[in-house]
Amino acid sequence: MQSAAQLGQQYGRYVMELSAQLLQPETPTALSQMERDIRTMLLKQGRFLLGAWLTMLDQPYPAQSIPCPCGAEALFQFRREATLLTILGQVPYQRAYYLCPQCQQGRFPLDEQLGLRPGQMSAQLESLAAMTGAQLPFQPGSQLFESLTLVSLSDHSLAKATQAMGAEVEAQEQEWVERSCDEQWLQSQQRLSQGPQRLYGSLDGVKVHIRGDGEHPWRELKAGAWFTTTQQPPHRPHEDWEIHATDITYYCDLCEARQFGELVWATGCQRQAQLAQELIFLGDGAEWIWNLVTEHYPEAIQIVDWFHATEYIAPVAQTAFSGEAQQKAWTKWVRSALWEGELDRVIRAFQEYGDHPRGGEAATRAVTYFTNNRHRMDYPTYRARGYQIGSGTIESGCKRIATQRLKVAGAIWNEENAVRTAKARGALLSGQWDTITARRQHLSPPLAA
Ligand SMILES: [Zn+2]
C-alpha cells in the first residue's frame, strides 16, 4: 500500500506544479480572474487528493476471494476504473472487482464500504444540488449552482437530485404511516411520554398546474404543519401580527383528503400530537380540513383562522357602501364584533346586505361561512387561553412549499415531480434536510452487473 506520507509527497509535488502554472509573471487582468483561477486550482487539488485517498483505501493486495451473500465465494478479477461525480468535480478511481461464479453477481468492497455510487452524484453533491433545486426553479438553479461551486450540473440533473430527495421523504413518510397504524407502537409511546403541553396543527391547500390531467389541470396540493409557539395573540383586532412558530414540521401531498388523512395522523404521531395535553387546529373554512381533524383528533380545539374569517368582510363592505369612509367604518365595526365573539351580530350584519343588488352574493357567502363555522370562531375564549388564532404559519407554509416554488410563471408539472419537489422543499423548511440526506447516504451502492 502507498503510505499516507508517500501520497502526501505526491500531493505536494502536484500542488507546486499547479501553482507554478498559475503564478505567471504577467500582470493579472483583474482580481476576480485571480480568484476564479485559484478556485479552479483548488478543485483540481481536491480531486487529486480524493483520488489518492481512495487509492490508499483500496487494498493493495486484494484477497483472492470474498464471501458472496449467495453462500459461494466471489473471486478477485482485476481493478476496475470508475468515476465519481463529486462536489469537487469528476474523480476517477480504481478499486478491486470480484465476481461470484455461482450467482454471477459482481462486487466492489470499497464501494460498499464507503457508499460510493460511481457514475452517479455523490451523496454530498446530490444533497447540495437538491437543496438548490428545492429553493429555485431548476434552470436558474443550475446556473447559480455552477457559479457557486464551479461544478456544472444540467437543470435535469438538479431536478433528478431534488426529486430523489423528495422520494426519500416519501419513503420516510411511508414508514411513519405504517408505524402509526401499529397499536403496540402507539401504546409504547403513551407509556413513555406524556406528550407535548400545547401543540398546534394547521392544514391548507393550494392549486398546482399538472400536465396531462385533461379537464382538471389544476390539482390541489394539500399541506399541513405541526408547530409550537410561545407568542400571544395581539390585544386588538386591527393590529397586524405574524406568528413566530418554532419547531415546525411541514408535510404535503397531491391526493384526496382521505389519503392525506393518513399523513396527517402519521406525521402527528411523530410529534406526539395524539398525546398532546392541548391540541389546537387552525384552518380556513374548507370542509375537508375539519372533517379530517374531527376524524383523527376528535378532542382537538378547532379554530377558523382569523385572517381567513376577516377576508369575508371587505367584499361585502365594498358593494354595500359607495363611500370609502363608510366601507372602512363598517368593516372596522364587523371586525370588532367578530373579535368579541358576537357571532349573532356579525351574521345579522351580513344578512342585512343579502338582498343588496350588487353586494348580495358576497353577503350570502359570508352568512353561510360564519353560520357553518361559528363554533370555531369563539375568539375571546381562545385569546383568554392564549391560543394563536391566525394560521400564518401554514399559510406561509403552503406559500413557501407550493406557491413560491411550484407556481412559478408558466410552470406545468408532471405529477410525480411536483409532489417530490414539494416534499423535498417541505423537508428543507422543516429542518429535516440532514436526516433525509443521511438516509440517502445509507443507500447501498448498486451491485455491479
Ligand atoms: Zn454469489
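## Helix packing and salt bridges

Leu114 has a relative accessibility of 37%, so this residue counts as partly exposed. Its place in this predicted model is helix α3, which covers residues 109-114. Together with Trp53 and Leu57, Leu114 forms a nonpolar patch on the surface, and the accessible area of the three comes to about 290 Å².

Now to the helices. Helix α6 (residues 155-180) packs against helix α18 (residues 433-441) at an angle of about 95°, with 10 Å between the axes, so the two are roughly perpendicular to each other. On the α6 side, the residues in contact include Ala164, Met165 and Glu175, and they meet residues of α18 that include Trp433, Ile436 and Arg439.

Salt bridges come next: the structure holds 19 of them.

| Pair | N to O distance |
|---|---|
| Arg420 and Glu170 | 3.1 Å |
| Lys423 and Asp253 | 3.6 Å |
| Glu175 and Arg439 | 2.9 Å |

The bridge between Glu175 in helix α6 and Arg439 in helix α18 links parts of the chain 264 residues apart. Glu175 is partly exposed, because its relative accessible area is 39%.

What about Lys423 and Asp253: are they buried or exposed? Both are buried. Elsewhere, salt bridges with shared partners join Arg117, Glu126, Glu168, Glu175, Arg439 and Arg440 into one network.

Finally, helix α11 (residues 313-320) has Ile313, Val316, Ala317, Thr319 and Ala320 as its buried residues. Their cover includes α10, α12, α13 and α14.

Methods: Residues numbered from 1 in each chain as written. Predicted model: local features only at pLDDT ≥ 70, side-chain atom pairs only at ≥ 80, totals over all residues. Heavy atoms only, no water. Patch = residues over 30% accessible without salt bridge, like charges linked within 9 Å, V, L, I, M, F, W, Y side chains within 5 Å. Areas by Shrake-Rupley, 256 points an atom, 1.4 Å probe, with all protein chains shown as cover. Salt bridge = Lys/Arg side-chain N within 4 Å of Asp/Glu carboxyl O. Helix = DSSP H or I, 4+ residues; strand = E, 2+ residues; numbered from the N terminus. Buried < 20%, exposed > 50% of the residue type's maximum accessible area, 1.4 Å probe, protein only. Axes fitted to C-alpha atoms, helices over the stretch in contact; angles between N-to-C directions. Parallel < 35°, antiparallel > 145°, perpendicular 65-115°, else oblique. Contact = heavy atoms within 4.5 Å.
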